[in-house]
Amino acid sequence: MGEQETYAALDVDLHDVELEAKLDKTWGSRPGFWRAIATVDHKVIARRYIVTAFVFLILGGLLAMAMRLQLSQPEARFIGPDRYNQIFTMHGSNMMFLFAVPVMEAMAVYLVPLMVGTRNIAFPRLNAFSYWTFLFGGLLLWLSFALDTAPDVGWFAYVPLSGPEYGPGKRADLWAQMITFTELAALAVAVEIVVTVFKQRAPGMSLDRIPVLVWAMLVMSFLVIVAMPAIMVASSTLILDRLVGTQFYNPALGGDALLWQHLFWFFGHPEVYIIFLPAVGLVSSILPTFVGRPLFGYLLLVMALIATGVLSFGLWVHHMFVVGLPRVGESFFTASSMAIAVPAGVQIFCWLATLWAGRPVFRTPLLFVLGFIVTFVMGGLTGVMVASVPLDSQVHDTYFVVAHFHYVLVGGAVFPLIGAVYYWFPKMTGRLMSERLGRWAFGLIFAGFHLTFFPMHILGLWGMPRRVYTYQPELPWAGLNLFVSLSSVVLAAGFLVFFIDVLRSWKNGLPAGPNPWKASTLEWATSSPPPAYNFRRIPVVGSRDPLWSDADLPVAAGMRTDRRELLVTSIVEALPQARESSPSDSVWPFWTAIATAIMLIWSIFSPWAVVWGSIPIAVALIGWFWPKGTPEDES
Amino acid sequence: MKAALVIIFIVLLAGCGGNQSALEAHGPSAVALKDLIVLFTLLCFAIWLLVTGFLLWVLARRRAEPRQDQAAEQRMTVAVRASVAATVLVVAGLTVASFHATRSLNSGADDAVLVSVKGQQWWWQFTYKDATQASIFQAANELHIPVGKDVRLELESIDVIHSLWIPSLAGKLDLIPGRKNDLTLRADRPGTYRGQCAEFCGLQHGHMAFLVIAQDEGDYRQWAAAQAAPATEPSDAEAAAGKVVFMSKPCAACHTIRGTPAIGSSGPDLTHVGGRQTIGAGLLETTRGSLAAWIADPQTLKPGNNMPLVPLTSEELRQLSAYMEGLR
Amino acid sequence: MDSIAPVKTLTVIGAISLIAIAAAIGWAREPRQYRTDPPAAAAFDQLRLMPDGISGTPPEVYFAMGKPYESTGFDLSQGKRLYSWFGCSQCHGDGRGGKGPSFIDGWWLYGPSLVSIAASIRNGRPHGMPAFKDKMTSDQIWQLAGYVKSIGAYSASVVAPSRNDDKTNRPAENRAPAAILFDEGPAPLHPDQGPSP
């Protein structure tokens, strides 16, 4: 390649309009069904992820309403025990695996590349593969529900109930394989996020200038990478036990029923933080914008994030406090479970301090953040209660725990998430959501949530176990249950208003402009919605709040325009190291996901699927990685 | 929100919730746990009020301009540090309180009444044992205990994981296949306390309850002696005909009635079924009518349980329920 | 690149999924039967056997219900539970026989049809097989018969039960224990083999 040609392909001397046209040609996808399937644009994929996850949220919410209908009166016969067990299993599995984790990862897929100032996520084809895998796993689960063969063993599927002897049919296998699908998808995203954050940050964005949200997503990704293998081992061994008669969980032949619980909760507890830490990031992004000053205690917050991540692996046993553990073990896990309240407290105090020093502007995203603080503190405190072994022996597996984890997960993650949708909707669609409907949605969701879930604490203390499909009329639970069921209608109405607002604003919202909230982070430095190449020129970062500190954001030049190219920077200082090519669109990730889905579903029925099913996967992977002869990178 | 606060206050002050409530404590373990719950709740509630109060104050104040000066940063640093220190202290204090409560539990005397509990889908089998571990008699879904005496329950499961929970007497403990757990409990005053399976165990997890009946020592001995005796012979012709029906139909293949040829073991021991307060693991109060209803169609009353619908004529049903009712 | 294409794609994918789900519901929705209606249960009592007691036709209701006892995992696993509850293993062991005949040697004394097996359980057979008609309901008899048949299947069935949580050393029913016959070559067939027993 001649000197002249190289020079011509660079962006150095081009005018903005000319540059945009060239970048658009290089990065943009063409219209058409197969082109859309083939896209590897992180924003498109993230949007699909988010929409799909919210569809699953709606479906899971409908299941919750069905359960509340059945529990609204004693010995009701709206839903039989078989269907009810499927419904609560579906509700839990769906909300954890098909909504909460994917939607948080999707927010990361959308926001992280924009916030660190790069043009696409690392491994974009893997990203596309991840979405398709997630979609097929979700369809598998919901299809099984439609066929009345949905899992009926609870979302943590304890053996032996889910094992070969007591879980007849394919119900538990479908659950276990759905796990494999979603964990595969989650692991793929986690790897992409880690690499994107470490190697693709804009020049000058040293580690101490990364937005807290990006830190949160980074810690979350490491949690996924460490925790998910445990559950994949668990679900695979369960399928082996059920399909080919291995003895992992058979106490008569040296297996152990508790092994499942250890494996599951070694994943299951970090899972809670996989959902919650991104929410911490969302809150930390929204809050400074609406109080008009930077976040207080950046370093403290980042350390609290990391501490939470590390500690979260040391408390899985608090889900097993009533299995009859040795005293010393229980004491250790009580102490560690209590200790995690400290980093959680640090986060709350930093936000409160930021609020104290700032001047709050009460727009909808901030309302949800405030609702989050009030609700999450309560969930955290009941968390301290269940961390105590003796106390837990009374409330474990009761509605108290149901109330607790809904306070933590809905209050701690869904509230910030909806706030985040209001906050970033203008960035994703170019249109603002309605402030009036937003206030209604917040009011209904906040009030509906507390009216629905607070009484469950009391029901639990009054002795109502969770996962019962009905209860006897002579027990004093009927009144509160009816109250809860009626309140859940308010909560559902709040979500209805929210979804109406989303659909309405998507088409008819007011145009937003690049930075409607006057926020400080890089995603607001480009147009709304961002172009396929994200940034016309890669920004150069000189502080933690680049859009607040500099009147004019400096940019780097020298990227090629005739091929997809990213700037690779060093881990700590984010000094430019190389220009690396970024993969082009491809349908192969889609076919690979299809081949993987066929293999995984087939393997529910026959172990030979692993052998024969891997052939199409290999074919698809060969297509995916077929060498194109393009140079990888240029230093 | 306010209504909710009022509710929790009333709950804590009055204590209510029937005979299956952690707040209605009638044994030393349950009382210690209730005290712990109250301590934790009050403290956590106070912290929540502090945080929410501070938040509301901050929001109500409405600064004219956000502060970013050095003095403000310093004040915040001090305040956050102090709050974190306070959090550490509270958490450490609660941990110590929790350890303390644990130590006050689980003290079982040697002369405790010994009962082997076998959980199964979806009922409870109680086998009373003597000091040498030999079985004295078997009962189902109803545990009688002497007041003021320790009772040691050996918890085992026949099929899946269950959890034994009698909120008014003690915290719960799991029954796990391949393992044996011990739970010691004591009732301070006579009464009927309800318990229920707390670990999801399949279709009829919601209908796996039992009653604990705490009696004075004398009453308890009398009850135990009666339980150890074989079944009473039917007193009238109808019940006698019912016994014939029981022995000639599938009933006898699954149920035991001591003193008769019925020695099935996959269903509950029915030797004294008429004397129990409930049938179907806490499903229905024991009456002749409910016995007949249960036998006539167990799959409608408790769908999916392991008792099949045995076709009987109405005459046979009447006789059988008379026999069952007479087994006291 | 704009927002229209992905929205369309999602709509198409969503529509396809909805159609697939709807079609699947209509085609294969199969709830578990926990309570057999008394008339159906009575019909299951009417076994129509050939005069030699070896083969016959199941009652019509069996086909109307979609052959539940052979084809649903739930009924088969109920049958497996009944196998242990009613002491079948005392004579038949884990299916490999003992005092009573084996189920996996490729040889059924009274023929391999489900009706014959149900009849054997219900009415008993000469040389020691007791009648269970007073000990089990007709529903249970058919569940047990379906399970017993699955023990002797040559090829692994997807719906057959898997191993139990106890000590076993033969392959579980879903691994087709009777397929071992073919591993050992043609030699070990039952000595009584012939046109009729």
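**Chain contacts and the form of chain B**

The contact between chain A and chain B takes 73 residues from chain A and 72 residues from chain B. On the side of chain A that touches chain B, at least two residues each are supplied by helix 5 (81-115), helix 9 (257-291), helix 11 (327-339), helix 12 (341-357), helix 13 (364-386), helix 14 (389-395) and helix 16 (435-461) of chain A. Helix 12 of chain A provides the largest share of this side, 12 residues. Classified by residue type, the side of chain A that touches chain B comprises 48 nonpolar, 19 polar and six charged residues. The model described here is predicted.

Helix 12 of chain A also packs within its own chain, against helix 10 (residues 298-311) of chain A; the two axes come within 8 Å and cross at roughly 155°. Angles over 145 degrees count as roughly antiparallel, and helix 10 and helix 12 of chain A are therefore roughly antiparallel to each other. The crossing of helix 10 of chain A with helix 12 of chain A is left-handed. Helix 10 of chain A contributes L300(A), L301(A), A304(A), A307(A), T308(A) and L311(A) to this contact, while helix 12 of chain A contributes P343(A), A344(A), V346(A), Q347(A) and C350(A). By class, nine nonpolar and two polar residues take part in the contact of these two helices, and no charged residues.

Chain B is also in contact with chain C, with 14 residues taken from chain C and 14 residues from chain B. The side of chain C that touches chain B has seven nonpolar, two polar and five charged residues.

Chain B itself contains nine helices and 12 strands. Its radius of gyration is 27 Å, well over the 20 Å that the globule rule gives for 328 residues, so chain B is more spread out than a compact globule. The C-alpha trace of chain B spans about 95 × 45 × 35 Å along its principal axes. Of the 328 residues of chain B, 45% count as buried. Among contacts in chain B with a separation of 6 or more, 64% are accounted for by residues 24 or more positions apart.

Technical notes:
Residues numbered from 1 in each chain as written. Chains lettered and ligands numbered in written order. Predicted model: local features only at pLDDT ≥ 70, side-chain atom pairs only at ≥ 80, totals over all residues. Contact = placed C-beta atoms within 7 Å. Helix = DSSP H or I, 4+ residues; strand = E, 2+ residues; numbered from the N terminus. Nonpolar A, V, L, I, M, F, W, Y, C, P; charged D, E, K, R; others polar. Axes fitted to C-alpha atoms, helices over the stretch in contact; angles between N-to-C directions. Parallel < 35°, antiparallel > 145°, perpendicular 65-115°, else oblique. Left-handed = near helix turned anticlockwise from the far one by under 90°. Rg over C-alpha atoms; globule rule 2.2 N^0.38 Å. Buried ≥ 20, exposed ≤ 12 C-beta atoms within 10 Å, placed from the backbone.
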